[in-house]
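Welcome! Take a moment to look over the sequence and the model, and then we can walk through a few of the details together.

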Amino acid sequence: MSCNYLPLLALLLSIGGAICLSNPAHAAAESEGLLRINTTIQTHNVAQPWELNQPSRRRGLGAVLEDGNILTTGEMAANATYIEFESADGAHTVPAEVIAIDYEANLALLKPEAGADGEWIRTLGTLPTGGSAKPGEEVDIWQLEDNGDAIRTAGSIRSVDLLSTFASGHFFLCYEVKASMQSASSSYTLPVTRDGKLIGILASYNSKDQICDVVSPGILNQFLKDVRDGTHEGFPSLGIATVLTEDPQFRKWLGLSEDQGGIYVSRVLPGSGAAESGLQEGDVLLTLDGHGIDRRGYYQDASYGRLSWSHLVRGSKQVGEKLALVIMRDGKEKNLEATLRRPPDSLIPSHMYDKAPPYLIKGGLVFQELTRSYLEAYGKEWRSRAPLDLLDALNNPEDYEEGRSRLVFLSRVIRTPATIGYDQVNNRIVTEANGQKITDMTSLVSALRNPKDGVHSIRIDDVPYVIYLDPKASDSVDQALLQRGLPALERLP
């Protein structure tokens with residue numbers, strides 16, 4: 001019988017306008033406040049959450065701030081098993097550690113590891129943070145060559161917009177800079193300066209179009225302000241979902257006049273600042289802090305022109321600050337005030353950086369908690385290629401919450417003596433196990449400790465609706481998997 005488990009184990013472990021730019025110039029004498037950052041990263045296998053992917057390396061730059069800490073992108077430090085600072089000439093290195101990291105805004109603040117000798121960093125000089133810049137203005141993007149020489153590339157700010165540069169679905173104010181970067185050196189995670197002051201961090205570069213996405217100074221300064229007291233709370237959220245009010249019939253139904261803007265509030269998250277303020281589903285949001293919101297969700301920013309309303313929350317405020325709202329409800333305007341909070345925990349997390357994903361293997365059934373990262377693993381066209389039921393849960397989480405804190409699903413079934421007949425079942429949401437409602441992975445593990453009427457019964461949301469497992473057969477499979485090298489049958493949050 002043991003020989004039958006050899007293909008089982010192998011199968012289980014196999015889950016798997018024209019702008020004039022100056023040319024790049026060597027500028028070693030002007031490269032104060034720059035150092036290299038080297039990181040070793042290791043992520044978990046999305047399909048096999050008990051396994052780690054092969055380690056890889058990232059290499060970018062950091063900006064030495066006036067307090068001696070190092071600012072870089074969140075991407076440089078995410079999932080890092082080791083971080084190191086290196087001088088431009090390679091003569092000095094020192095292990096580093098994270099002070100604070102914000103995956104959503106793609107920023108991280110680092111420092112030399114406690115007890116390590118990083119005195120040489122003081123000799124590099126510093127980069128003070130600067131104020132905002134506007135479209136059409138020139139900026140300098142910095143790189144370091146292998147020999148330690150600095151390269152300064154002049155670029156021009158082409159536009160300003162809210163972009164998602166790392167964690168999917170989180171949008172922050174960025175500059176889109178037209179610049180022709182040197183391909184010989186690293187081309188992302190680079191300091192961007194104007195008049196010798198740090199005004200951004202380059203987060204990505206499109207070599208075909210020669211466009212750089214640069215996290216703006218406003219976001220940098222909000223991040224640094226947040227961590228100044230030694231804690232990192234993160235950027236706030238109002239806690240609503242909205243629908244545009246462009247459709248004339250929709251506007252007529254809402255009672256909006258032609259000269260009124262506003263966006264429709266389609267959902268208010270429980271526990272959010274919006275919920276505490278009294279904002280309700282069906283309200284129309286007209287103004288935020290005195291800024292009128294148009295029917296497409298934009299307002300007129302004094303510095304940047306038309307921006308999405310979300311910048312008034314996520315790019316301009318700290319957690320705990322107040323936001324004045326004017327809404328329309330039942331045809332009448334009403335004033336509200338919201339205290340901004342961090343977004344409530346999502347049913348389906350947008351990312352799992354630096355977190356080990358929970359899972360459970362029972363008799364060949366593989367259970368996971370649904371994350372956006374799992375869906376994105378289906379490739380560039382994941383929105384059409386990922387399982388429809390799981391995509392529906394991502395797009396309409398309110399239909400699936402029902403007291404859940406996480407959405408548990410059966411990701412695949414490995415053919416074993418315990419799972420005969422179920423091997424074609426996969427990517428199905430789990431609702432109950434042994435008569436207990438499943439609210440997260442912990443509840444599933446607990447439920448499967450106690451068979452009901454001598455059998456495990458697991459209810460899913462599609463045919464065959466109920467999966468039955470023989471406890472003795474599934475326990476035998478589990479023990480065989482452990483004996484043959486599976487590190488663990490479960491991982492809880």
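## An enclosed space

The largest cavity in this structure has a volume of about 50 Å³. Keep in mind as you explore that the model is a predicted one.

Which residues line this cavity? They are Asp-102, Gln-222, Phe-223, Asp-226, His-232, Gly-234, Phe-235, Pro-236, Lys-317, Gln-318 and Val-319. Helix H3 (residues 217-227) supplies the largest share of the lining, with 3 residues. Sorted by class, the lining has 4 nonpolar, 4 polar and 3 charged residues.

## Lys-317 and its partner

Lys-317, one of the residues lining the largest cavity, also takes part in a salt bridge with Asp-289, at 2.8 Å from N to O. This pair links distant parts of the chain, 28 residues apart. Lys-317 sits in the loop between helix H6 (311-314) and strand S20 (322-329), while Asp-289 sits in the loop between strand S16 (284-288) and strand S17 (291-292).

Are the two partners buried or partly exposed? Lys-317 has a relative accessibility of 15%, so it counts as buried. Asp-289, with a relative accessible area of 33%, is partly exposed.

How many salt bridges does the structure hold? There are 21. One of them joins Arg-267 to Glu-401, whose closest N and O atoms are 2.4 Å apart. Because Arg-267 lies in strand S15 (residues 263-268) and Glu-401 in the loop between helix H9 (388-395) and strand S24 (408-413), the pair ties together parts that are 134 residues apart in sequence. Arg-267 counts as buried, at 14% relative accessibility, whereas Glu-401 is partly exposed, at 25%.

Glu-402 and Arg-404 also meet through their side chains in a salt bridge, at 3.8 Å from N to O. Arg-404 is buried, with a relative accessibility of 10%. Elsewhere, salt bridges that share partners join Glu-104, Arg-314 and Arg-342 into one network.

## The buried side of helix H9

Now turn to helix H9, where Leu-390, Leu-391, Ala-393 and Leu-394 are buried. These residues cover an arc of only 155 degrees around the axis, so they lie on the same side of H9.

What do the buried residues of H9 pack against? Their neighbours are helix H7 (372-376), helix H8 (382-385), S24 and strand S25 (428-433).

Terms used: Residues numbered from 1 in each chain as written. Predicted model: local features only at pLDDT ≥ 70, side-chain atom pairs only at ≥ 80, totals over all residues. Heavy atoms only, no water. Salt bridge = Lys/Arg side-chain N within 4 Å of Asp/Glu carboxyl O. Helix = DSSP H or I, 4+ residues; strand = E, 2+ residues; numbered from the N terminus. Buried < 20%, exposed > 50% of the residue type's maximum accessible area, 1.4 Å probe, protein only. Arc of directions from axis to C-beta. Contact = heavy atoms within 4.5 Å. 1 Å grid on protein atoms, 1.4 Å probe; cavity = no way out; pocket = protein on both sides within 12 Å on 5 of 7 lines; lining within 4 Å. Points joined across faces, edges and corners; volume = space filled by probe spheres on them. Nonpolar A, V, L, I, M, F, W, Y, C, P; charged D, E, K, R; others polar.
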